[in-house]
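Open the model in your viewer and keep the selection tool at hand. The tour moves from stop to stop along the chain.

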Amino acid sequence: MAYAPLAALRDRITVGAPLPFNVRDADGTLLLAREQVLRDERELDSLFERGTLVDLDEVYTPAERIATAPREELPRLWEECFDRVDDVLRRCGHAHFREALDDASAPVAALVERDPDLALFQVLRADANPLVQYGVNHSMHTAIVCRLVAQRLGWDADSTQRVFKAALTMNVSMLELQGTLAFQGTPPTRSQREQILSHPQRSVEMLRQSGITDREWLDAVLQHHETPDGAGYPQGLTEIGDLAQLIRRADVYTAKLSPRAGREAISADRAGREMFMSEPGHPMVAAMVKEFGLYPPGCFVMLASGEIGMVVKRGPAVNNPVVAVMTTAKGEPCPEPIRRDTSFPAYAVKSVLPARHLPVRVQQEMMAQLLV
């Protein structure tokens with residue numbers, strides 16, 4: 001629990017009206033329950049003087065808490081969100097799933113809004129997450145991309161939220177199988193192939209059992225592997241909704257960025273080129289590539305100076321990111337990361353480097369902190 005002095009929340013209290021939250025003594029003991037009524041200003045002043053506290057979880061919505069959280073707390077909040085969404089998605093098909101999903105996904109959406117660069121980092125540094133969580137992580141990455149691209153395309157708030165929720169739940173029927181396949185390193189067996197081909201329908205059935213009735217949401221999950229040429233599955237459709245089309249492209253793109261047993265992650269610049277060449281001029285693909293840029297946050301690069309660092313922020317142009325340099329031109333570790341503006345020719349990005357080629361080992365926690 002995170003507490004704040006009652007005095008700091010004076011503007012949320014009205015004498016003569018029910019309290020909107022519990023009030024606790026300085027040691028955390030419950031003193032006044034929510035809905036109790038303060039009779040006069042003297043009673044309120046005595047509470048202030050006593051040093052009473054309020055649990056911030058009872059005061060602010062997830063979006064409000066994230067909007068006001070210190071930047072250095074954002075990586076931890078992202079980690080908590082991944083764990084919470086993991087727990088909720090694995091309970092699909094059970095009672096109260098819809099409410100639990102709303103509670104778990106709201107902070108994710110707020111974090112994306114708070115810092116899109118840090119959101120992109122979550123997608124790009126997928127190789128830092130355990131393969132056993134591949135299914136949930138991949139759904140989260142796809143949902144993050146869908147939200148950002150939908151906003152770039154100018155979709156309304158309802159459609160943006162709907163595609164975000166559909167991407168989160170697209171694979172609820174095969175989360176365990178995805179983890180198995182990520183480790184497996186061999187082609188799917190016949191049984192696994194059957195599960196893959198049927199998972200859109202099975203996911204829809206689980207969502208219906210959970211009380212999801214939104215037709216567009218369910219259609220997006222059902223159609224997210226369909227393709228305009230009719231070669232997709234499970235129905236071989238040629239007329240596909242916009243939500244499903246965006247989810248399919250985000251699904252493919254984020255899969256390229258994620259490692260699997262026997263296959264390394266594809267670099268962001270190469271993944272973007274492959275997506276663009278597969279559908280040149282398509283507005284969804286163009287928006288996706290533009291959102292990430294050539295060198296998105298979390299990408300390791302070598303500069304013209306010979307220094308090596310990590311992209312920490314997208315720049316004004318797709319080829320001019322801000323880079324936190326971690327090694328000198330001689331390959332020696334820097335005592336402290338140094339930020340470089342790659343719009344200057346001396347610090348222009350020369351090449352993208354796989355993490356395994358870095359001369360220094362960078363922990364996930366350090367990478368996240370570099371961004372904030």
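Helices here are DSSP runs of at least four residues, numbered from the N terminus. The model you are viewing is predicted.

**Stop one: Pro234.** Select the loop between helix H10 (215-223) and helix H11 (242-257); Pro234 sits there. Now show the backbone. Tyr233 and Pro234 are joined by a cis peptide bond, with omega about 15°.

Keep one background point in mind: most peptide bonds are trans, and most residues other than glycine have a negative phi.

**Stop two: Glu35.** Go to the loop that links strand E3 (30-32) with helix H1 (41-50), and pick Glu35. Its phi is positive, near 85°, and Glu35 is not a glycine. Glu35 counts as exposed because its relative accessibility is 52%, and the cut-off is over 50%.

**Stop three: His96.** Select the loop between helix H3 (74-89) and helix H4 (97-114), where His96 is found. His96 is another non-glycine residue with a positive phi, about 65°. Is His96 buried or exposed? Its relative accessible area is 62%, so His96 is exposed.

**Stop four: Thr342.** Move to the loop between strand E8 (333-341) and strand E9 (349-352), and select Thr342. Thr342 has a relative accessible area of 1%, so it is buried. What does Thr342 contact beyond its neighbours within four places in sequence? Display Leu303, Asn319, Asn320, Pro321, Val323, Tyr347, Ala348 and Val349. Then zoom in on Pro321: its backbone oxygen lies 2.5 Å from a polar atom of the Thr342 side chain.

Methods. Residues numbered from 1 in each chain as written. Predicted model: local features only at pLDDT ≥ 70, side-chain atom pairs only at ≥ 80, totals over all residues. Heavy atoms only, no water. Helix = DSSP H or I, 4+ residues; strand = E, 2+ residues; numbered from the N terminus. Buried < 20%, exposed > 50% of the residue type's maximum accessible area, 1.4 Å probe, protein only. Polar contact = N/O pair within 3.5 Å; in protein donor to acceptor, adjacent residues only side chain to side chain. Contact = heavy atoms within 4.5 Å.
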